[in-house]
Amino acid sequence: MFKLFGKKGGAAPAEQLAECQKKRDWAGLCRAYYALGTAAMDRGDRNHAQLWLHRADTIYSARDEVYDKVGEQLADDCSSRIGQLEDTHILYNDIPAQVEEKAEGLGDIRVRVWGLLSLARLAKLVNRLSVLPGCGSLARLDWAVDAVLNAFQAPPPEDVFNSLKDLSGALYELGDDPAFWGMGSEIAVPGGMPFQVFDLNGMMGVHLEIDAFLSGILDMACARLQGQEPPAPETGIITGALLPDYYVRTGAEQLEEVPPIKAELGRIWSDYEFVCSGPSWEAVAERTANYKELDILS
């Protein structure tokens, strides 16, 4: 049995996880996260259970050989526990549900613009992460924000369309790469704990929500050219800049009281009012440009 449990808050002992990372023992790393998650869940700590169980799930889902080593019993129990957590009232579940409810009456373009504004707030952070091994594709998000804004107003040129498609694919593949979940790569955060690439794993995976958002923009562009209605827009990216995994991992107990999360929630609802007001494209561009300069961890 892994002796991985700290005295407070379900904090993962860095030396145990680092040892698995150093040995590239992905099955061991997965088991370690699973053990932390089950312990947190059994003591009623739903935020840490969400954090650690989803990390285990990401790892064994990424590689068949890891799944085979950890075994079907672990994977099934992990999946079952994650399903149980989906029915609990925690920020991970409640805020996306509120966003989804608000989005129902907005209409296609306003929902997508709401998502674009949240996407813009991720640009500065992921650009810093892009220097880490395997994360180079993240450097293109700043460009993608502007490309999406332009795509609302005119069909994207073929080269832009293909570049957005390539970026979407690269983000999808990032979650299967040990560079994302296995290496422990991180960047410094002034005045705070380092931010890990794996901290993007929360909220259903920020990288996957960006992928889904970009794919939706491409679908919208294709539908318009064919005179068809585009598929309903995804809303997951709207909560993408909350980054709860980072705050849970670094010791937060009440996520709703974490100052950067409170600030981001304020921006999400402010953006909702903004898109409801029917802003001009010039106003959207100005708000987007300002958000791209924002440090959401401060």
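User: Before we start, what do buried, exposed and partly exposed mean here?
Analyst: Buried means under 20% relative accessible area, exposed means over 50%, and partly exposed lies in between, with a 1.4 Å probe and protein chains only. The model is predicted, so local features need pLDDT of at least 70 and side-chain atom pairs count only at pLDDT 80 or more, while totals for chains, interfaces and linings use all residues. Residues are numbered from 1 along each chain as its sequence is written, and side-chain values use heavy atoms, with hydrogens and water left out.

User: How many salt bridges are there?
Analyst: The count comes to 15 salt bridges, where a salt bridge is a side-chain nitrogen of Lys or Arg within 4 Å of a carboxyl oxygen of Asp or Glu.

User: Which residue does Glu65 pair with, and at what N to O distance?
Analyst: Glu65 forms a salt bridge with Arg63, at 3.6 Å from N to O. Glu65 is partly exposed at 43% relative accessible area, and Arg63 is partly exposed at 27%.

User: And what about Asp142? Which residue is its partner?
Analyst: Asp142 forms a salt bridge with Lys292, and their closest N and O atoms are 3.1 Å apart. Asp142 lies in helix α8 (residues 141-153) and Lys292 in helix α14 (residues 281-292), so the pair ties together parts that are 150 residues apart in sequence. Helices here are DSSP runs (H or I, at least four residues), as strands are (E, at least two), numbered from the N terminus.

User: Is each of those two buried or partly exposed?
Analyst: Asp142 counts as partly exposed at 31% relative accessibility, whereas Lys292 counts as buried at 11%.

User: Where do Arg267 and Glu264 lie?
Analyst: Both lie in helix α13 (residues 259-276), three residues apart, about one turn of the helix. Arg267 and Glu264 form a salt bridge, with the closest N and O atoms 2.9 Å apart, and both residues are buried. Salt bridges that share partners join Arg121, Glu264, Arg267, Asp271 and Arg287 into one network.

User: Changing topic: how many disulfides does the structure hold?
Analyst: It holds zero disulfides, a disulfide being a pair of cysteine sulfur atoms within 2.5 Å.

User: Now His48: where is it, and is it buried or exposed?
Analyst: His48 is found in helix α3 (residues 46-62) and counts as buried at 6% relative accessibility.

User: How many residues apart are His48 and Gly251 in sequence, and what is their separation in space?
Analyst: They are 203 residues apart in sequence and 9.5 Å apart in space, C-alpha to C-alpha.

User: Last one: where is Gly175?
Analyst: Gly175 is in the loop between α9 (158-174) and α10 (178-181). Gly175 is buried, with a relative accessible area of 9%. Gly175 and Glu19 are 156 residues apart in sequence and 21 Å apart in space, C-alpha to C-alpha.
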